[in-house]
Amino acid sequence: MALPPLVEPAAELTVDEIRRYSRHLIIPDVGMDGQKRLKNSKVLVVGAGGLGSPALLYLAAAGVGTLGIVDFDTVDESNLQRQIIHGVSDIDRPKAESAAASIAEVNPLVNVVIHNTALDVDNVKEIFSQYDLIVDGTDNFATRYMVNDAAVLLGKPYVWGSIYRFDGQASVFWEEHGPCYRCLYPEPPPPGMVPSCAEGGVLGVLCASIGSIQVNEAIKLLTGIGEPLVGRLMVYDALEMEYRKIKVRKDPNCALCGDNPTVTDLLEDYEDFCGAVSAEAEEATLNATITARELKDWQDSGKDLFLVDVREPAEWEINRIPGATLIPKGEILSGEALSRFPQDRQIVLHCKSGVRSAEALAALKAAGFKDAVHVQGGIVSWVNTVDPSQPSY
Ligand SMILES: [Zn+2]
């Protein structure tokens, strides 16, 4: 289903623009008309991270007239493996600023608008309303549902992408012409079920594969060419080198865009909706949470501890807390590893950030280990507060 162009053409291209965009201008489907539409376009990219990096660079190079960048984070060394819009000299710099500087180098004709802020329920509609199209490069479910809801409520199309290890997905959600993200995924996954890229990793180049699909779709929507990925989900498997397209229908029971919607405005709290940890895990951690510093004090005082790292072996290879034993969370949840836990020692669990250890703690407590505790903030907090000589990831 071809759709009309989202944006009216600009009055004209300058001589500089005609020179710069000549390889677009000689494609009949783009031509002068398409390039003028790009010049008049306002596109917002949510997140200047893995997906946002290639998306911003190619949108800028393509000649999108106004590019908004929303990101509150700063550049970290561990970003550089995939977030190619940032460099070594940008470490600790706000990502939105770093990205804007790279864009100025690629194409100074682009008007860049920096939103150096966290997107939240108080600002998302106001920011989105300034743009024709949104490109979603977020890496967490709370923001993803908020982006979807805001876009649907404002009637804006957006190009969604997601990445994990070797797998990527992309689609165009536009309520007026097809399904929304909630039609595809009505409920967020249970907390702790789907690890983030920070927890599970991502092949750097996968960002380019999915980010370039997002830009491809953005250009098609803005200029009205080709068949947009509305109502279809692109699924990419980098190991098999396989792209599959799956039809996605509008769900008449969708809570947001269905026949009898129950979500008629933004939710008050998307973190709450997606749940950082499950209710069981939250309950288990009450009065059973210690800080990394407290763990160190326990160790120094000679307390008899059974310290368990519930991460995966690949993470254990990167860093570990001295004295810890590796028992991955899955073996605790399945009950397989329960016999390895002593009854007469203080059990302390930790993971990377405290989410998985909270889930494991709930399982241990249910199995009768009432005094077990977990470390708030996990090994990240340990490295930050106790042992900065260890590598972080
Ligand atoms: Zn929907």
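Q: Where does asparagine 287 sit?
A: In this predicted model, asparagine 287 is in the loop between α12 and β9 (289–290).

Q: Buried or exposed, that asparagine 287?
A: Asparagine 287 counts as exposed, because its relative accessibility is 84% and the cut-off for exposed is over 50%.

Q: What about phi of asparagine 287?
A: Phi is near 55 degrees for asparagine 287, a positive value in a residue other than glycine. Aspartate 92 also has a positive phi, near 80 degrees, and is likewise a residue other than glycine.

Q: Where is aspartate 92?
A: In the loop between β2 (66–70) and α5 (95–106). Aspartate 92 counts as exposed, at 62% relative accessibility.

Q: Changing topic to the zinc ion. Which protein donors does it have?
A: Four cysteine SG atoms: those of Cys180, Cys183, Cys254 and Cys257, lying 2.3 Å from the zinc ion.

Q: Why is the arrangement called tetrahedral?
A: Because the four donor atoms subtend angles of 93 to 121 degrees around the zinc ion, and the tetrahedral class needs all angles between 85 and 135 degrees. For reference, the ideal angle for four tetrahedral donors is 109.5 degrees.

Q: How are the donor residues spaced in sequence?
A: The spacing is C-x2-C-x70-C-x2-C. Cysteine 183 lies in helix α8 (residues 181–184) and cysteine 254 in the loop between β8 (242–247) and α11 (270–274), so this pair ties together parts that are 71 residues apart in sequence.

Q: And cysteine 183 and cysteine 254, buried or exposed?
A: Cysteine 183 is buried, with a relative accessible area of 10%. Cysteine 254 is buried too, at 2%.

Q: How do the lining residues of the second largest pocket divide by nonpolar, polar and charged?
A: Five are nonpolar, seven are polar and one is charged.

Q: What about helix α17, which of its residues are buried?
A: In α17 (residues 378–385), the buried residues are Gly378, Ile379, Ser381, Trp382 and Val383. They pack against α13 (292–300), β12 (346–350) and β13 (373–375).

Q: Where is valine 308?
A: In strand β10, which covers residues 305–309. Valine 308 counts as buried, at 0% relative accessibility.

Q: What does valine 308 contact?
A: Apart from neighbours within four places in sequence, valine 308 is in contact with Thr325, Ile327, Phe341, Val348, Leu349 and His350. As for serine 357, which is 49 residues away along the chain, its C-alpha and that of valine 308 are separated by 9.2 Å.

Q: Leucine 56, where is that one?
A: Leucine 56 is in helix α4, residues 52–62. Leucine 56 counts as buried, with 0% relative accessibility.

Q: What does leucine 56 touch?
A: Leaving out residues up to four places away in sequence, leucine 56 touches Val45, Ala48, Leu67, Gly68, Ile69, Ile85, Ala99 and Ile103.

Q: Which residues does glutamine 214 touch?
A: Leu51, Val135, Asp136, Val159, Trp160 and Gly161, not counting residues up to four places away in sequence.

Q: Last one, lysine 42. What is its place?
A: Strand β1, residues 42–46. Lysine 42 is partly exposed, with a relative accessible area of 37%.

Q: What does lysine 42 touch?
A: Thr66, Gln130, Tyr131, Asp132 and Leu133, again not counting residues up to four places away in sequence. Lysine 42 and valine 202 are 29 Å apart in space, C-alpha to C-alpha, and 160 residues apart in sequence.

Note on methods:
Residues are numbered from 1 along each chain as its sequence is written. This is a predicted model: local features need pLDDT of at least 70, side-chain atom pairs count only at pLDDT 80 or more; totals for chains, interfaces and linings use all residues. Side-chain values use heavy atoms; hydrogens and water are left out. Contact means heavy atoms within 4.5 Å. Ala, Val, Leu, Ile, Met, Phe, Trp, Tyr, Cys and Pro count as nonpolar, Asp, Glu, Lys and Arg as charged, and the others, Gly among them, as polar. Donors are N, O and S atoms within 2.8 Å of the metal (3.2 Å for Na, K and Ca); water is not among the atoms, so sites may look incomplete. Four donors count as tetrahedral if all angles lie between 85 and 135 degrees; four count as square planar and six as octahedral if opposite donors are over 155 degrees apart and all others between 65 and 115; anything else is irregular. Helices (H or I, at least four residues) and strands (E, at least two) are DSSP runs, numbered from the N terminus. Buried means under 20% relative accessible area, exposed over 50%, partly exposed in between (1.4 Å probe, protein chains only).
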